[in-house]
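User: Hi! I am new to this structure and would like to know what stands behind the terms used for it. Could you take me through some of them?

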Amino acid sequence: MEKLNFKLFMVLFLIVFACKNINSSETTENLHKPTCLETTLKKATKTYFYAWSKNDSTLIDSVSVKNLIRNVNGEIVSTNQNELLKTMYFWHTAMPNFKMVDKEINVVGNRTYVNWSGTGTNTGMYANTPPTGKIGHIEGMSILTFNNDGQIVYEGVFFDKLGLLEQWGYSVIPPIMK
């Protein structure tokens, strides 16, 4: 009888510890601790978006390579830092108060996947078009690829440019069908 009680006790003991809730906060926190690489890439990503908000070329230089490639909605618009800085200047001319905020950053390998939002008032020239004085808000996603030194080598950006222009008061004119 004593052996049966001991075996029963051991079975219960094993069940209790083997079935410990793996969703407890203590266990969940330990499942994924950020690595040094993840921390570095998230920091570089935050710096990149801060640089966009501040129109800061020095910060762009610090987090990217000289021959950075930037693809916007499927079209390569920059093949180096100078072209990227011209793009930043263009948007800050149209919206001097332009701000970008990273809402979520996920790191997978040497890439960060970023959901972001941008806001600004069209108080400056948008190319050859005069300002409308209206506020625009955009949501977008960027995929930043980093080299082994933690610098951005490629950015793929996706956002609704037409939606932004409509918020500023522009409209699409239907084509004339003949």
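This is a predicted model: local features need pLDDT of at least 70, side-chain atom pairs count only at pLDDT 80 or more; totals for chains, interfaces and linings use all residues.

User: What makes up the chain, in helices and strands?

Analyst: The chain holds six helices and six strands. Read from the N terminus, the elements follow the order α-α-α-α-β-β-α-β-β-β-β-α.

User: Why is Ser 78 called buried?

Analyst: The word buried is used for a relative accessible area under 20%. Ser 78 has 0% relative accessibility, so Ser 78 counts as buried. This residue belongs to strand β2, which spans residues 75-78. Across the chain of 178 residues, 33% are buried.

User: How do you know that Ser 78 has a polar contact with Leu 84?

Analyst: A pair of N or O atoms has to lie within 3.5 Å, with one able to donate a hydrogen and the other to accept it. Here a polar atom of the Ser 78 side chain is 3.5 Å from the backbone nitrogen of Leu 84.

User: Why are β2 and β3 called edge strands?

Analyst: The open sheet has six strands in the order β2-β1-β6-β5-β4-β3, and the pairing is mixed. β2 and β3 each have a single partner strand, so one side of each lacks a neighbour in the sheet. From one strand to the next, the twist averages 25 degrees.

User: What makes β4 and β5 a pair?

Analyst: Two strands need at least two bridges between them to pair. β4 (residues 111-121) and β5 (residues 135-146) share 11 bridges, so they qualify, and their sense is antiparallel. One of the bridges joins Gly 120 to Gly 136 in β5. Helix α3 (residues 36-54) packs on the sheet and touches β1, β3, β4, β5 and β6. Helix α5 (residues 81-94) packs on the sheet too, touching β1, β2, β4 and β6.

User: Which residues have the most contacts inside the largest nonpolar core?

Analyst: They are Tyr 48, Trp 52, Trp 91, Trp 116 and Trp 168, in a core of 32 residues. Helix α3 gives the most to this core, with six residues.

How values were computed: Residues are numbered from 1 along each chain as its sequence is written. Side-chain values use heavy atoms; hydrogens and water are left out. Helices (H or I, at least four residues) and strands (E, at least two) are DSSP runs, numbered from the N terminus. Buried means under 20% relative accessible area, exposed over 50%, partly exposed in between (1.4 Å probe, protein chains only). Axes are lines fitted to C-alpha atoms, for helices over the stretch in contact, and angles run from 0 to 180 degrees between N-to-C directions. Contact means heavy atoms within 4.5 Å. A nonpolar core is a set of buried Ala, Val, Leu, Ile, Met, Phe, Trp, Tyr and Cys residues joined through side-chain atoms within 4.5 Å.
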